[in-house]
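Give the cut-offs along with the values.

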Amino acid sequence: MKIKITKTDQSKISDIDFEKLEFGRVFSDHMLEMVYQDGSWSEPEIKPYGPISFEPSLHALHYGQSVFEGMKAYYVDDKQINLFRLDDHYERLNNSARRLSMPDMDKEAFIRGLEELVKLDHEWVPKKHGHALYVRPFMFASEQYIAAKAAKKYRFYVITSPVAAYYNEGFNPVKLTTSENFVRAVPGGTGEAKAAGNYGGSFLPAKKAQENGYTQVLWLDAIEHKYVEEVGTMNIFFLIGDTLVTPKLGGTVLPGITRRSVLALAKEWGVKVEERRVSIDEVFETHKTGELKEIFGAGTAAVIAPVGLIHHNGNTITLDQEKIGPFAKKMFDTITGIQYGKLEDKHGWTHPVQVGSEVSV
Ligand code: COI
């Protein structure tokens with residue numbers, strides 16, 4: 001496979017203050033682009049990051065055929081950058097695309113394209129532990145056609161952004177509230193896809209939550225409004241007694257890749273793990289009895305984020321976690337240890353990219 005690379009003649013890197021990174025605000029010098037038409041994808045092309053031009057009839061803007069992934073590239077040393085669970089992200093991208101009636105991405109193009117992009121922009125990968133280069137692959141309907149049916153043309157891009165912690169709280173516990181009036185996903189809907197519209201629909205409830213002093217919404221199921229699902233930007237875990245409990249997947253919860261890693265590690269540590277329905281009443285009850293030890297979220301952007309407070313229907317529970325509980329801390333240290341190449345990667349989760357071996361232009 002040939003990857004055409006056009007390098008920028010004016011790097012922006014010296015304008016960036018790597019000590020003050022806001023999530024998703026600045027982007028590296030290059031992006032990857034692929035075009036789908038007549039039933040197949042073009043070869044990947046890497047070009048300077050910059051505007052892309054479409055007419056107002058761009059299909060994705062009207063009907064939301066748009067899906068994305070969230071990954072990170074981690075600095076190991078001057079010669080190596082690690083990507084994490086690349087195959088899982090590739091598979092999830094395709095599952096999302098299929099749900100939105102969009103084409104599968106080619107695996108070799110996805111992997112090679114990402115490798116070359118990260119190699120080319122390796123200086124953008126922050127060196128500080130905890131910081132990373134956020135990698136955002138996304139696909140959208142690029143046909144200039146507003147009939148309400150699946151488009152025939154698509155674009156795929158990968159852009160990257162150096163990031164610090166996702167939440168302003170850092171390791172200070174986030175505060176969650178359930179929502180009385182809104183739901184994130186319904187059975188048979190698009191909740192398990194990483195579809196752009198799932199996020200757009202969550203912004204109004206999130207804004208209301210933030211106006212009331214909460215960081216995010218803790219989504220409950222749409223039917224009974226009783227069972228905990230996820231946070232939208234991360235999956236949720238409860239340490240109840242000695243058991244790690246997380247809502248089961250099944251169509252309305254995003255199958256998080258950090259979620260999968262947390263479950264695998266917990267099982268290896270001999271912790272009892274349950275993927276099942278968890279009612280909000282159970283969360284409040286086990287808090288009352290003292291069995292609820294820790295609550296944390298897990299996601300690519302958020303990594304492991306301790307939850308210190310949950311509000312539901314006028315009642316609030318707070319966890320006595322000054323920063324992060326010992327279980328969540330161990331999980332954070334282990335996952336980031338593997339990601340940054342400091343701990344042995346027994347699972348083959350990391351995908352090392354050797355820098356200094358860029359393909360020629
Ligand atoms: C991620 O964790 O990568 C996400 O996609 C969540 C959010 C930033 C939208």
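## Basis

This is a predicted model, in which local features need pLDDT of at least 70 and side-chain atom pairs count only at pLDDT 80 or more, while totals for chains, interfaces and linings use all residues. Residues are numbered from 1 along each chain as its sequence is written, and side-chain values use heavy atoms, with hydrogens and water left out.

## Helix 8

Helix 8 covers residues 326–339. Helices (H or I, at least four residues) and strands (E, at least two) are DSSP runs numbered from the N terminus. From first to last C-alpha, the 14 residues of helix 8 reach 20 Å, close to the 20 Å expected at 1.5 Å a residue; the expected span is 1.5 Å times one less than the number of residues. Just after helix 8, G341 has a positive phi of about 75°.

Helix 8 is largely enclosed by the rest of the structure, because 10 of its 14 residues are buried. Buried means under 20% relative accessible area, exposed over 50%, and partly exposed in between, with a 1.4 Å probe and protein chains only. Among the buried residues are F327, M331, F332, I335 and Q339.

T336 lies in helix 8 and is buried at 4% relative accessibility. Its side chain reaches the backbone oxygen of D333 at 3.5 Å, a polar contact (a pair of N or O atoms within 3.5 Å; within protein, one must be able to donate a hydrogen and the other to accept it, and residues adjacent in sequence count only if both atoms are side-chain atoms). Beyond neighbours within four places in sequence, T336 is in contact with H129 and V303, where contact means heavy atoms within 4.5 Å.

V303 belongs to strand 16 (residues 303–312) and is buried, with a relative accessible area of 13%. Not counting residues up to four places away in sequence, V303 touches K72, T258, G297, A298, F332 and T336. R259 is 44 residues from V303 in sequence, with a C-alpha to C-alpha distance of 9.5 Å.

## The cavity

The structure holds one cavity of 30 Å³ or more. On a 1 Å grid over the protein atoms alone, a cavity is a set of points where a 1.4 Å probe fits but cannot get out, and lining residues have an atom within 4 Å of a point. The lining of the largest cavity includes K72, T258, V303, I335 and Q339. Strand 6 (71–77) and helix 8 are the elements that give two or more residues to this lining; the largest share, three residues, comes from strand 6.

Key: 1 Å grid on protein atoms, 1.4 Å probe; cavity = no way out; pocket = protein on both sides within 12 Å on 5 of 7 lines; lining within 4 Å. Points joined across faces, edges and corners; volume = space filled by probe spheres on them.
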